[in-house]
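Hello,

Here is the structure I promised to pass on, with my notes on it below. Have a look at it first, and then read on.

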Amino acid sequence: TMTKREAEEAGLFNIIGKEIDDGFIENIKAQAVRPEEVKKAEDMVIVYTPLHGTGNKPVRRVLKEIGFKNVYVVPEQEMPDGNFTTCPYPNPEIKEALQLGLDMCEKVKPDLLLATDPDADRVGIAVPDNGTYRLITGNETGIMLTNYLLSVRKEKGTLPKNPIVVRTIVTSLLIDEICKKYNCELKKVLTGFKYIGEVILRLEEKNEKERFVFGFEESYGYLAGTYVRDKDAVVASMLICEMAAYYR
């Protein structure tokens, strides 16, 4: 061990700076499959809550940079608050955490509500449905994203040879049927995103990481791309909004 001053003098103390943020965002934007659809949906309205957490800046930045102009942030949950005083538990899987966002939806009438958990690795959504807003489960969102990515990338000719999708063993079996339709290899792993990350690592060791298309677990965790080895609500938020724009 050493003091901070000793580490600085030895050139061992580095503060992660803007280049890491920029690299992260660029890697996320590279996962877009139909970015042109956003330009056709400039009037699309999104309500977003970071639930007092770290998604606030990166989610808003990436949505802005790909062209979404009407993103409204829930003001009571915008800033960091380690006590999470606006909700009983900051988990986008439970309705109570999204209640302020749902209340804002009644006023703003958005096309989509996004909520990322405090460390921004999971995302929950709600959509308009017969005059109210319906929460979408993690399985439902993952099913839609899997189908969207495979169908659009096949249509555009960007699907890799021998593509791979990964799901955990407690995740929807409908993924199996979607993968069969697109001749995509499905890997089933134990619960926990580290096992999905391990699949990417094994592919990387064989210089085949481009085969990885998507991985997800029913508890609202999703990943496209191989730039990180964990679920990432920032890329998931971007793809969900792009998917909504496309189907809209």
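Which side chain does Glu208 meet in a salt bridge? The partner is Arg211, with 2.9 Å from N to O. A salt bridge here is a side-chain nitrogen of Lys or Arg within 4 Å of a carboxyl oxygen of Asp or Glu.

Before the rest, a word on how to read this. The model is predicted, so local features need pLDDT of at least 70 and side-chain atom pairs count only at pLDDT 80 or more, while totals for chains, interfaces and linings use all residues. Residues are numbered from 1 along each chain as its sequence is written, and side-chain values use heavy atoms, with hydrogens and water left out.

Salt bridges

Side chains of opposite charge can pair when their charged atoms come close. By the rule above, the count comes to 32 salt bridges. In the pair from my opening question, Glu208 is partly exposed at 24% relative accessible area, whereas Arg211 is buried at 14%. Buried means under 20% relative accessible area, exposed means over 50%, and partly exposed is in between (1.4 Å probe, protein chains only).

Another salt bridge has Lys231 and Glu217 as its partners, with their closest N and O atoms 3.6 Å apart. This pair links distant parts of the chain, 14 residues apart: Lys231 sits in the loop between β9 (221-223) and α9, and Glu217 in strand β8 (residues 212-217). Lys231 is buried, with a relative accessible area of 17%, and Glu217 is buried too, at 5%. As for the element names, helices (H or I, at least four residues) and strands (E, at least two) are DSSP runs, numbered from the N terminus.

Arg122 and Glu93 also meet through their side chains, at 2.6 Å from N to O. They too link distant parts of the chain, 29 residues apart: Arg122 is in the loop between β3 (112-116) and β4 (123-129), and Glu93 is in the loop between β2 (70-73) and α5 (95-108). Arg122 counts as buried at 14% relative accessibility, while Glu93 counts as partly exposed at 33%.

Aromatic pairs

The structure holds seven aromatic pairs. Rings of Phe, Tyr and Trp (its six-membered ring) pair if their centres lie within 6.5 Å; planes under 30 degrees apart count as stacked, over 60 as edge-to-face and the rest as tilted. One of the pairs is Tyr148 with Tyr247, which is edge-to-face at 5.9 Å centre to centre, with 65 degrees between the planes. Tyr148 lies in helix α6 (residues 138-156) and Tyr247 in helix α9 (residues 233-247), so the pair ties together parts that are 99 residues apart in sequence. Tyr148 is buried, with a relative accessible area of 0%, but Tyr247 counts as partly exposed at 47%.

Phe214 and Tyr222 give a stacked pair, with 6.3 Å between the ring centres and 5 degrees between the planes. Phe214 is buried at 1% relative accessibility, and Tyr222 is also buried, at 1%. There is also an aromatic cluster, made up of Tyr148, Tyr246 and Tyr247.

Helix α6

This helix has 19 residues and reaches 27 Å from its first C-alpha to its last, close to the 27 Å expected at 1.5 Å a residue. That expected span is 1.5 Å times one less than the number of residues. The buried residues in α6 include Leu145, Leu149, Leu150 and Val152. Just after α6, Gly157 takes a positive phi of about 75 degrees.

Strand β1

Five of the five residues of strand β1 (residues 45-49) are buried, so this strand is largely enclosed by the rest of the structure. Both of its faces are covered, with Val45, Val47 and Thr49 on one side and Ile46 and Tyr48 on the other. Strands pair if DSSP finds at least two bridges between them. β1 runs parallel to β2, joined by four bridges, and Ile46 stands opposite Val71 in β2. Four bridges also join β1 to β3, again in parallel, and here Tyr48 stands opposite Leu114.

Best wishes
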